[in-house]
Amino acid sequence: ESEQEEEEEEEESEESEEEEEEDQDSDMAAFQPATQPSTPSAKLLPEPTIVSYNSVIAGCARAGQWSAALRLLSSAKQRGVKPDAITYTAVISACARAKPPKPEKA
């Protein structure tokens, strides 16, 4: 019975890792410019500001996505968008809500 529980935990862990990889691609896609705008309105989209970054990072914090929040902070800095106190508060909140890692089994 305990072996079955361990196998189920391993499967859940693997699924969680796959979902996180998919999330990494999708959270950064929100700030990637389209190479070929499909509609005329796509050309009108403004560059992301600290307000838009703060909103997305705060959403990551509420969802417990600490790694996405850290990646977005890094992305903002790389794009020349200066983080403010709200940005750092949201990132810290995301990290504080992170679930502790499961202990490794020997």
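Predicted model: local features only at pLDDT ≥ 70, side-chain atom pairs only at ≥ 80, totals over all residues.
**View 1. Packing of helix H2 against helix H3.** Helix H2 covers residues 50-63, and helix H3 covers residues 66-78. Their axes lie 8 Å apart and form an angle of about 165°. Because angles over 145 degrees count as roughly antiparallel, H2 and H3 are roughly antiparallel to each other. The crossing of these two helices is left-handed.

**View 2. Residues in the contact of H2 with H3.** On the H2 side, the contact is formed by Tyr53, Val56, Ile57 and Cys60. These residues meet Ala68, Ala69, Leu72, Leu73, Ser75 and Ala76 of H3. By class, nine of the residues in this contact are nonpolar and one is polar, with no charged residues.

**View 3. Packing of helix H3 against helix H4.** Helix H4 comprises residues 85-96 and packs with H3 at an angle of about 155°. The axes of H3 and H4 are 8 Å apart. The angle therefore makes H3 roughly antiparallel to H4. H3 and H4 cross in a left-handed manner.

**View 4. Residues in the contact of H3 with H4.** From H3, the residues Trp66, Ala69, Leu70, Leu73 and Lys77 take part. Their counterparts in H4 are Thr87, Tyr88, Val91, Ala94 and Cys95. Classified by type, this contact holds eight nonpolar residues, one polar residue and one charged residue.

**View 5. Ala69 and Leu73 of H3.** Ala69 and Leu73 are among the H3 residues that meet H2. Ala69 and Leu73 are also among the H3 residues that meet H4.

Note on methods:
Residues numbered from 1 in each chain as written. Heavy atoms only, no water. Axes fitted to C-alpha atoms, helices over the stretch in contact; angles between N-to-C directions. Helix = DSSP H or I, 4+ residues; strand = E, 2+ residues; numbered from the N terminus. Parallel < 35°, antiparallel > 145°, perpendicular 65-115°, else oblique. Left-handed = near helix turned anticlockwise from the far one by under 90°. Contact = heavy atoms within 4.5 Å. Nonpolar A, V, L, I, M, F, W, Y, C, P; charged D, E, K, R; others polar.
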